[in-house]
Amino acid sequence: MYQAPRGTSDILPPEQRYWSYIKQTAAAICELYGYQRIDTPTFEDAHLFVRSIGEDTDIVEKEMYSFEDKGGDQITLRPEGTAPVCRAYVEHGMHNLPQPVRLYYMAAIFRYERPQAGRYREHHQFGVEALGDADPALDAEVIGIAWQLYVNLGLKRLALSLNSIGCSDCRPRYLESLKTYYTQHKDSLCPDCKRRLAKNTLRLLDCKNPACLAPTEQAPRSIDYLCPECADHFDQLKSYLNLLNLPFSLSHRLVRGLDYYTRTVFEIAPEGETGSQVAIGGGGRYDNLIEQLGGKPTPAVGFATGIERLVLNLKKQDVVVPALPPPTVFVAYLGKEARDEAMKLTSHLRKSRISAIASLSERSLKAQLKQANVSGARYAIIIGDDEVKSKTVVLRNMAKGEQQTVPIDKVAETFR
Ligand code: AMP
């Protein structure tokens, strides 16, 4: 017996209503905010991700699905959505468009992680990227999209954490002081952090290992090291969030797992929950990434949310999600001639944009009505010998059990 690979899942029909609800809600918000959809390939040149995410990150070190294809190219299945969008921005000369360019995507993401509830090897993200403007109002806009998505979906008790990790001017001084601090506490750090200390000091701050929590409490804070421009950007962002009534709390431990972030970083998680797979979304500014990928210097900000985690939280909070529409009619028939009429009628209904399922193979009327019931159809149409002769059908309201006779050429009209 074959099974879906570890860490992947089938999204079966009963689950699909959550997925369409989330995707439709997200697309509607993007339209409200003037964001346009972009789709990028499922795989890219491996170097794109190594350069952008950073060699010393968990994703690049341990989690990428990379392989050499038959032509000898190094390929990676998309482990995150931002770098491909930036690659497309540069490749298609989007800097020539009016700035900022506002884009959104929904895409499968691949990471070789240890699967557990809320963490998979293939998951899906909805994300937005606003490219080409450094104004903190754009950070507030992106955070506003995230927040409005969760509110419109009906999720409650969420908390927004915010931090600024500075820019290439002010961060080195901060990292220096962070390194000095953690070196003094090296003995109490977990083995991972001892290793990270030299290469990726920032990541020590968000280590979830209990051993590292105590030293991190007293660690230097990035916001105390911001240069005047970064401090000003952060102050403006906070005042915009207040203006927009977006509640946030500052978290000096928030740094996020990718190297490309500058200034603003944020994350949204259910209130009071901690752990490595509770965040439902996060993002931040990445003002150097596009230039790093060969484009002109282009400030940008974005956000992504995991769709599986949204589904988990909708279920956990008992949010009622609209059912997908069942077919309108189930067409049942008895006899060979009636079968031909049923096929013609079903086809005509579909052309008239009325969803219809036709019964297959000879079955008793009782069995066919049972099938109609299971399909969820609101009506059944029944065609027998008498109906063929009189060019009519019997139209049955499944919920009420009421029936009426309708001329066969008036059926579509009756539904409309
Ligand atoms: P990240 O790109 O790591 O910031 O992830 C953005 C969002 O995607 C997270 O907040 C999660 O909701 C979701 N996510 C990240 N990794 C996984 C995973 N392995 N499985 C399921 N969802 C994930």
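Analyst: Gladly! Let us begin with Cys 30, which lies in helix α1, residues 16-33. Helices (H or I, at least four residues) and strands (E, at least two) are DSSP runs, numbered from the N terminus. A word on the source: this is a predicted model, where local features need pLDDT of at least 70, side-chain atom pairs count only at pLDDT 80 or more, and totals for chains, interfaces and linings use all residues. Residues are numbered from 1 along each chain as its sequence is written, and side-chain values use heavy atoms, with hydrogens and water left out.

User: Is Cys 30 buried or exposed?

Analyst: The idea is to look at relative accessible area: buried means under 20%, exposed over 50%, and partly exposed in between (1.4 Å probe, protein chains only). Cys 30 counts as buried because its relative accessibility is 0%.

User: Which residues is Cys 30 in contact with, leaving aside its neighbours within four places in sequence?

Analyst: Contact means heavy atoms within 4.5 Å. With those neighbours set aside, Cys 30 touches Tyr 35, Tyr 104, Phe 126 and Val 128.

User: How much of the whole chain is buried?

Analyst: Buried residues are 50% of the 416 in the chain. Of the contacts with a separation of 6 or more, 70% are between residues 24 or more positions apart.

User: How many helices and strands are there in the chain?

Analyst: The chain has 15 helices and 16 strands. To read a sheet, look for pairing: two strands pair if DSSP finds at least two bridges between them. Here eight strands make an open sheet with mixed pairing, in the order β1-β5-β6-β11-β10-β9-β7-β8. Its edge strands, β1 (36-37) and β8 (249-250), each pair on one side only.

User: How do β10 and β11 pair within the sheet?

Analyst: Strand β10 (residues 281-285) and strand β11 (residues 300-306) are antiparallel, with five bridges.

User: What does the hairpin of β15 and β16 look like?

Analyst: Strand β15 (residues 392-397) pairs with strand β16 (residues 403-407) in the antiparallel sense over five bridges. Val 393 has Val 406 of β16 as its bridge partner. Five residues lie between the strands of this hairpin, where Gly 401 takes a positive phi near 75 degrees.

User: Where is the cis peptide bond?

Analyst: Check the omega angle: the cis bond joins Gln 99 and Pro 100, with omega about -5 degrees. Pro 100 sits in the loop between α4 (82-91) and β5 (101-110).

User: What box do the C-alpha atoms fill?

Analyst: Taken along the principal axes, the box is roughly 90 × 50 × 50 Å. Happy exploring!
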